[in-house]
Amino acid sequence: MEIFNVLRQPWPWYIAGPIIGLSVPLLLLAGNKMLGISGTLRQVCAMCFPANIPFLKYKWKDQIWNIFFAGGLLLGGFIGGVLLKPVTIPPISDATLNDLKLMGISYEGNILPTEIFSWIHLLTWQNLLIVVGGGFLVGFGTRYAGGCTSGHGIAGLSTLQWPSFVAVVLFFASGILTANFILPLLLK
Amino acid sequence: MRNFLFLLIGTLFGITLLKADAVSWFRMQEMFRFQGFQMFGIFMTAIPTAALSVFLLKKYKIKTIDGEPIQILKKKFNWGYVYGSLLFGIGWGLTGACPGPVYVQIGSGLTIAIITLLSALAGTWVYSYLKPRLPH
């Protein structure tokens with residue numbers, strides 16, 4: 001099973017990038033859908049707890065495609081992370097790992113740092129702020145901004161929409177500042 | 001049947017994000033610190049691939065599988081794009097995840113990411129509730 005072993009290796013950016021890019025025309029061909037993942041969060045809210053909020057009262061059944069797309073992401077995570085479990089540790093740059101080590105974060109090929117993202121370590125105020133506070137801002141901010149990395153970053157930029165350009169520059173700048181200046185304060 | 005197609009595209013997207021390490025908190029920290037090329041390489045190939053594909057779909061007037069013309073909705077700017085993006089960036093920097101990777105993380109067996117997802121859902125809900133009172 002040569003191909004199986006090849007697929008288990010970390011995929012280089014020049015393979016992964018084009019596949020990710022192709023999801024834009026594929027979704028258009030499959031039914032005129034614009035790639036966008038944060039919309040699924042609104043969709044789940046509208047389906048499960050609409051609470052008479054006007055923004056959550058729309059014909060979500062017409063948008064049910066994005067629940068299937070999100071289901072695919074879950075399935076893809078299972079296939080990629082369990083069935084095609086990586087055999088080698090993806091190489092993160094030494095500079096990053098050293099910086100993180102100084103903040104008490106170790107790396108052994110894991111996707112999430114166990115010092116922050118694990119059931120036993122979650123209940124410190126710093127970790128709750130990172131996981132719950134950060135997660136909250138991802139949901140709040142993407143809806144406020146009308147999209148996330150996929151909707152603005154990939155779909156919006158590739159269809160030359162300037163509002164998406166504004167969004168990408170700002171969320172990227174804000175991410176840089178947060179990762180470099182706020183996160184270290186919380187991890188010290 | 002149609003929805004199966006969306007599931008399939010999502011699956012391909014999810015496998016790719018995982019195998020390219022784009023769901024890794026460590027990879028995001030590397031990107032935000034400009035210490036590695038992987039994430040930049042992904043964006044710099046994904047966006048032109050998507051742009052070229054869309055250009056070709058339009059140029060050759062290719063129809064959807066239902067025979068409809070391809071339609072690309074124009075996004076209309078409002079100030080929410082500015083405030084929202086700044087807030088999202090803080091969340092992205094902390095959790096190392098945008099919405100797509102959270103689903104992929106859960107699928108790969110990281111149950112703790114369910115907390116990230118529930119928090120994001122709470123964020124979306126609170127935004128929806130406050131929307132009429134927020135500046136846009």
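Visitor: What span should the 19 residues of α4(A) have at 1.5 Å a residue?
Guide: The 19 residues of α4(A) should span 27 Å, and the end C-alpha atoms are 25 Å apart, which agrees. The expected span is 1.5 Å times one less than the number of residues. Helices here are DSSP runs of H or I with at least four residues, strands are E runs of at least two, and both are numbered from the N terminus.

Visitor: Before I go on, what am I looking at and how is it numbered?
Guide: It's a predicted model, where local features need pLDDT of at least 70, side-chain atom pairs count only at pLDDT 80 or more, and totals for chains, interfaces and linings use all residues. Residues are numbered from 1 along each chain as its sequence is written, while chains are lettered from A and ligands numbered from 1 in the order in which they are written.

Visitor: Back to α4(A), then: how many of its residues are buried?
Guide: 14 of the 19, so α4(A) is mostly covered. Buried takes 20 or more other C-beta atoms within 10 Å of a residue's own, exposed means 12 or fewer, and partly exposed is in between, with C-beta atoms placed from the backbone.

Visitor: Now the interface. How many residues of chain A are in contact with chain B?
Guide: 109 residues of chain A, facing 99 of chain B. Contact means that the C-beta atoms, placed from the backbone, lie within 7 Å. On the chain A side there are 71 nonpolar, 35 polar and three charged residues. Nonpolar covers Ala, Val, Leu, Ile, Met, Phe, Trp, Tyr, Cys and Pro, charged covers Asp, Glu, Lys and Arg, and the others, Gly among them, are polar.

Visitor: At what angle do the axes of α7(A) and α3(B) cross?
Guide: At roughly 40°, with the axes coming within 8 Å. That makes α7(A) oblique to α3(B). Axes are lines fitted to C-alpha atoms, for helices over the stretch in contact, and angles run from 0 to 180 degrees between N-to-C directions. Under 35 degrees counts as roughly parallel, over 145 as roughly antiparallel, 65 to 115 as roughly perpendicular and the rest as oblique.

Visitor: And which residues make that contact?
Guide: From α7(A), Gly153(A), Ile154(A), Leu157(A) and Ser158(A); from α3(B), the residues include Phe43(B), Ile47(B) and Val54(B). By class, this contact has eight nonpolar, two polar and no charged residues.

Visitor: How about α2(A) and α1(B), what's the angle there?
Guide: Roughly 160°, with the axes within 9 Å. So α2(A) is roughly antiparallel to α1(B). In α2(A), residues including Ile19(A), Ser23(A) and Leu27(A) meet α1(B), where Leu12(B), Phe13(B) and Lys19(B) are among the partners. This contact has eight nonpolar, two polar and one charged residues.

Visitor: Last one: how many helices and strands in chain B?
Guide: Six helices and zero strands. Buried residues make up 56% of the 136 residues in chain B.

How values were computed:
Two residues are in contact if their C-beta atoms, placed from the backbone, lie within 7 Å.
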